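Work through the exercises below with the structure open beside you. Try each task before you read its solution.

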Amino acid sequence: MLKVTTSWDDGDILDKKLADLLTKYGIKGTFYITKVYRPERLSESEIKTLSETHEIGAHTLTHPDLRVLTQEKLQEEIVGSKKWLEEVTQKPVTMFCYTKGQYTPEVAKKVEENGFLGARSTILGSLISGKKFHLETTIQVYPFPFRKIDKQRYYFGKILQPYLQRAKGLQKIGVPITAMHSWLSSSKAAFDYALKHGEVFHVWGHSWEIEKYGMWNEFEKLLQYISKRSDCEYVVNGDLVKN
């Protein structure tokens, strides 16, 4: 039984639209929320409402690079984010996401010491559960194979950057070159391979990037494709770390 999970970073106001889409297709999400980072962010009442249908995870208070903080500041960002979200949701917050996926063994240890049960990175190309405080993902909702500036414009100076950075990783999870002509076709191919060979299919991203790059239609088509499968279990990130 393939476990299907999704996770979303930062707490942008567009997370509401994203959550509604997930709910529409019976897919669960873990929303990793910062207190002050996105200019248009979820209010505390909206976070509480979101927690009623999806999982809420901590993502620090201010979205700093955790690798360069003093021990005191690191403790403040990790513990403070957990305490704040638990006060808002009136629920335990047991999952953490490293900012920009960047961390050290010391950072991971600090997260574990402060009551979290697991933590997610931004490493792509994984179809397994992995270690609890080093959770990897399968695929990101991000333009592919061409680099974009926004919904309409392409970044011609680095036009092939997404392909060059990710093609080898996609091949490792069963995506043939012939499927790499779009993000959607690559994602579907990865899911098909995961059904036969994987433990977890984990989609992650940012709602504000889906909007920025005009990917809502592609994203919804993927949700349609992976939803309501009898051979899949739809879970939140926290379910991946349960014994």
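**Ground rules**

This is a predicted model: local features need pLDDT of at least 70, side-chain atom pairs count only at pLDDT 80 or more, and totals for chains, interfaces and linings use all residues. Residues are numbered from 1 along each chain as its sequence is written, and side-chain values use heavy atoms, with hydrogens and water left out.

Helices (H or I, at least four residues) and strands (E, at least two) are DSSP runs, numbered from the N terminus. Buried means under 20% relative accessible area, exposed means over 50%, and partly exposed lies in between (1.4 Å probe, protein chains only).

**Exercise 1. Find which residues cover the two faces of strand S7, and find its partners.**

Step 1. Recall the rule for strands. In a regular strand the side chains alternate between the two faces of the sheet.

Step 2. Sort the residues of S7 by side. Val 200, His 202 and Trp 204 lie on one side. Phe 201, Val 203 and Gly 205 lie on the other. All are buried, which leaves both faces covered.

Step 3. Draw the conclusion. Because 6 of the 6 residues are buried, S7 is largely enclosed by the rest of the structure.

Step 4. Look for partners; two strands pair if DSSP finds at least two bridges between them. S1 pairs with S7 in the parallel sense over 6 bridges. Here Thr 5 has His 202 as its bridge partner. S6 and S7 also pair in the parallel sense, over 2 bridges. There, Ile 139 stands opposite Val 203.

**Exercise 2. Describe the length and the surroundings of helix H6.**

Step 1. Compare the spans. H6 (residues 183-197) has 15 residues and reaches 21 Å from its first C-alpha to its last. That is close to the expected 21 Å, where the expected span is 1.5 Å times one less than the number of residues.

Step 2. Pick out buried residues. They include Trp 183, Leu 184, Ala 190 and Phe 191.

Step 3. See what they pack against. The list includes strand S1 (2-10), helix H5 (161-172) and helix H8 (216-226). Contact means heavy atoms within 4.5 Å.

**Exercise 3. Which residues have the most contacts inside the largest nonpolar core?**

Step 1. Define the set. A nonpolar core is a set of buried Ala, Val, Leu, Ile, Met, Phe, Trp, Tyr and Cys residues joined through side-chain atoms within 4.5 Å.

Step 2. Read off the answer. The largest core has 60 residues, and Phe 201 and Phe 219 have the most contacts inside it. H6 gives the largest share, 6 residues.

Step 3. Inspect Phe 219. Not counting residues up to four places away in sequence, Phe 219 touches Trp 8, Leu 18, Leu 21, Leu 22, Val 141, Trp 183 and Ile 210.

**Exercise 4. Where do His 63 and Lys 100 lie, and are they buried or exposed?**

Step 1. Most residues other than glycine have a negative phi, and most peptide bonds are trans.

Step 2. Take His 63. Its phi is positive, about 65°, although it is not a glycine. His 63 lies in the loop between S3 and helix H3 (71-89). With a relative accessible area of 13%, His 63 is buried.

Step 3. Take Lys 100. Its phi is positive too, about 55°. Lys 100 sits in the loop between strand S4 (95-97) and helix H4 (105-113). With a relative accessible area of 60%, Lys 100 is exposed.

Step 4. From Phe 144 to Pro 145 the bond is cis, with omega near 5°. Pro 145 is in the loop between S6 and H5.
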